[in-house]
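Please find below a short note on the model under review. The points move from the overall fold to one helix pair and then to individual backbone features.

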Amino acid sequence: MKTQLMKKTILLILLLASLTSIGQKSKLNITIDERVETIYSIAFLDNYFLVSNHDNLYKSKLKNNFKALKNHKAVALFDTLSKKHDFNFNNVTDWVLQFGEFPELNKVREVINPDSFDESKGDYLIKKFKKEFISFNQDSLFQAYLIEVKELNEKVINQVKQSKSIQHLPTYLEKYYGSELGSYNLILSPLVHSGGFNSKFIADEKKEVYAIIGPNGEIEHLPYFEKEYLEMDMILHEFGHSFVNPLMEKFHDEIETIKEKYYTESLKKDGQSQAYSEWKYLFNELIIRAITIRIANRNFGIEKAKELLDYEKTIGFSLVGNIVEILKEYENNREKYSKFSEFYPILIERMK
């Protein structure tokens, strides 16, 4: 009996030690990226529907500096690709971030997204666009533009870095999920719409995750990123996809077994209103939202977690509350489930 107790104690100590070490070296890289800003400058000149609606100093400078480039071949090709070939939403950021720096723009990482834009399927336009994209960067004297907005960029980045919690977010994620990623990258873009995109890559055999986020306001014509919106809705939530999405694919059949019970006409309608057209994608989203609430509860307090859960209920996602309760079993049994991936099939079983 004593021997069994000692074994359990040792296992628990080892688990706690591993959970303590997870996330300690993880850092959130915060930048404004030349590749993203170049392609969104093209999008701005094309009146692309996912450019930020907020007026800011960047737009004013683009109008003055780049007005002669509205007829550039890169703009015309972007227009065709976005309207006729599904080169939009996350496909744009997935595509541009797979490359290294200008002017070579060599491919340095592989996209992890089965739905990303597939340039091998034939459309020579994307290859032609890449050449014109590089040309636009040079023809616009983009380096000179970046020097001109350098002070603005520093103000935007410093505003975000003032947060006392933002650099802890990778640690919160890794401790909860029980696993690590290669790097965490927050790209702020003054030109991207309110919201953003999550991109995942493999580089040097490590998984890199990116959140490309647009401002949700402006103060004195400077893009503003509200703290809770950025940290809860964008970073904890968007990076959560990198941990949970692979499980959705792995346990696809098991997810289908609870579809009839939960995927009511009402939930289907509410899911579609949030752009989740299939049960598996909606279920995946509900899990990530529930986990975000539990991470918030642990690190930002009960009131913040309640606020997030109340919001989910207002948009018809009351099922998040059920998942939140099941997640408590995972949290209370970390010696048994050191990683969320080990608990995932149990969560589905509990929902049955």
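How many helices and strands does the protein have?

1. Overall content. The protein has 17 helices and 7 strands, where helices (H or I, at least four residues) and strands (E, at least two) are DSSP runs numbered from the N terminus. This is a predicted model, in which local features need pLDDT of at least 70 and side-chain atom pairs count only at pLDDT 80 or more, while totals for chains, interfaces and linings use all residues. Residues are numbered from 1 along each chain as its sequence is written, and side-chain values use heavy atoms, with hydrogens and water left out.

2. Dimensions. Along its principal axes the C-alpha trace spans about 80 × 40 × 40 Å.

3. Of the 352 residues, 53% count as buried (under 20% relative accessible area; exposed is over 50%, partly exposed in between, with a 1.4 Å probe and protein chains only). Among contacts (heavy atoms within 4.5 Å) between residues at least 6 apart in sequence, 76% join residues at least 24 apart.

4. Helix pair α10 and α17. Helix α10 (residues 227-250) packs against helix α17 (residues 340-351) at an angle of about 50°, with the axes 11 Å apart. Axes are lines fitted to C-alpha atoms, for helices over the stretch in contact, and angles run from 0 to 180 degrees between N-to-C directions. That angle makes α10 oblique to α17 (under 35 degrees is roughly parallel, over 145 roughly antiparallel, 65 to 115 roughly perpendicular, and the rest oblique). On the α10 side the contact is made by V244, L247 and M248, and on the α17 side by F340, S341 and Y344.

5. Cis peptide bond. The bond from F102 to P103 is cis, with omega near 0°. P103 belongs to the loop between α5 (90-97) and β2 (110-111).

6. Positive phi at N47. Although not a glycine, N47 has a positive phi of about 60°. The residue lies in the loop between α2 (34-45) and α3 (57-65), and N47 counts as exposed at 64% relative accessibility.

7. Positive phi at E205. E205, also not a glycine, has a positive phi of about 65°. E205 is found in the loop between β4 (195-203) and β5 (206-214). Its relative accessibility of 79% means that E205 counts as exposed.
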